[in-house]
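Reader: Please take me through this model. I would like each label set against its cut-off.

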Amino acid sequence: MRLLPGISSERRGFVLAWWGFAVTFGGMRLLTWLIHIDVAGVGDVQASGVHIHHYVWGILLLAVVGAAGLVKRSARARAWMGLAYGVGMALIVDETALLISLEDVYWDTEGWVSIALAIALIAVVGGVLAATHRRRDPTQARDDD
């Protein structure tokens with residue numbers, strides 16, 4: 001796989017999960033802020049007038065990744081699964097405060113729980129990935145495709 005060529009195929013999914021988490025968390029915060037300030041053309045996702053929180057999409061995405069994890073998969077599939085896992089986790093973690101309080105506290109003081117948790121996860125996982133980084137041995141057999 002050409003994406004992240006210096007990273008082993010076993011580790012690539014973890015790195016992509018971390019990136020997917022960080023980018024999705026930031027993107028969701030931006031999107032919800034645009035909805036909050038009522039930018040034209042940006043609005044909530046609703047079904048029959050009921051707001052669908054983005055943690056629902058995260059749970060569905062994690063369910064798909066979990067099911068896909070039950071079958072044998074290639075290095076490329078593991079990388080995509082890692083990315084999807086990170087995106088799904090970010091969608092859920094971004095609404096942790098809502099899930100804890102069972103109230104929509106996204107823009108309230110209690111909503112900072114979600115931000116603090118996401119930043120902590122980005123920092124800790126990024127630190128672990130950096131601390132455990134080892135360049136791949138170029139003489140090692142490739143299973144990247």
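Author: Arg29 lies over the face of Tyr106, at 4.0 Å from the ring centre. The model is predicted, so local features need pLDDT of at least 70 and side-chain atom pairs count only at pLDDT 80 or more, while totals for chains, interfaces and linings use all residues. Residues are numbered from 1 along each chain as its sequence is written, and side-chain values use heavy atoms, with hydrogens and water left out.

Reader: What makes Arg29 count as lying over the face of Tyr106?

Author: The rule asks for NZ of Lys or CZ of Arg within 6 Å of the ring centre and within 35 degrees of the ring normal. For Arg29 and Tyr106 the distance is 4.0 Å.

Reader: Why is Arg29 called buried?

Author: Buried means under 20% relative accessible area, exposed means over 50%, and partly exposed lies in between, with a 1.4 Å probe and protein chains only. Arg29 has 14%, so Arg29 is buried. Tyr106, at 9%, is therefore buried as well.

Reader: How do you know that Arg29 and Asp94 form a salt bridge?

Author: A salt bridge is a side-chain nitrogen of Lys or Arg within 4 Å of a carboxyl oxygen of Asp or Glu. The side chains of Arg29 and Asp94 meet at 2.7 Å, N to O. This pair links distant parts of the chain, 65 residues apart: Arg29 is in helix 1, and Asp94 is in the loop between helix 3 (75–93) and helix 4 (96–101). The count by this rule is 1 salt bridge. Asp94 has a relative accessible area of 0%, so Asp94 is buried.

Reader: What makes a run of residues a helix or a strand?

Author: Both are DSSP runs, numbered from the N terminus: helices are H or I with at least four residues, and strands are E with at least two. The protein has 5 helices and 2 strands, in the order α-β-β-α-α-α-α along the sequence.

Reader: Which residues does His54 touch?

Author: Contact means heavy atoms within 4.5 Å. Leaving aside residues up to four places away in sequence, His54 touches Met28, Thr32, Leu91, Asp94, Glu95 and Tyr106. His54 belongs to helix 2 (residues 54–68). With 9% relative accessible area, His54 is buried.

Reader: Why is the pair of Tyr106 and Trp107 called edge-to-face?

Author: Rings of Phe, Tyr and Trp (its six-membered ring) pair if their centres lie within 6.5 Å; planes under 30 degrees apart count as stacked, over 60 as edge-to-face and the rest as tilted. A search of the whole structure finds 1 aromatic pair. The ring centres of Tyr106 and Trp107 are 5.1 Å apart and the planes stand at 75 degrees, so this pair is edge-to-face.

Reader: What makes the nonpolar surface patch?

Author: Patches are made of residues with over 30% relative accessible area and no salt bridge; like charges are joined within 9 Å, and nonpolar side chains (Val, Leu, Ile, Met, Phe, Trp, Tyr) within 5 Å. Leu30, Trp33, Ile37 and Trp107 make a nonpolar patch of about 410 Å². Trp107, at 39%, is partly exposed. Ile37, at 42%, is also partly exposed. Ile37 lies in the loop between helix 1 (9–36) and strand 1 (46–47).

Reader: Why is Phe14 called exposed?

Author: Phe14 has a relative accessible area of 59%, so Phe14 is exposed. Phe14 is found in helix 1.

Note on methods. Areas by Shrake-Rupley, 256 points an atom, 1.4 Å probe, with all protein chains shown as cover.
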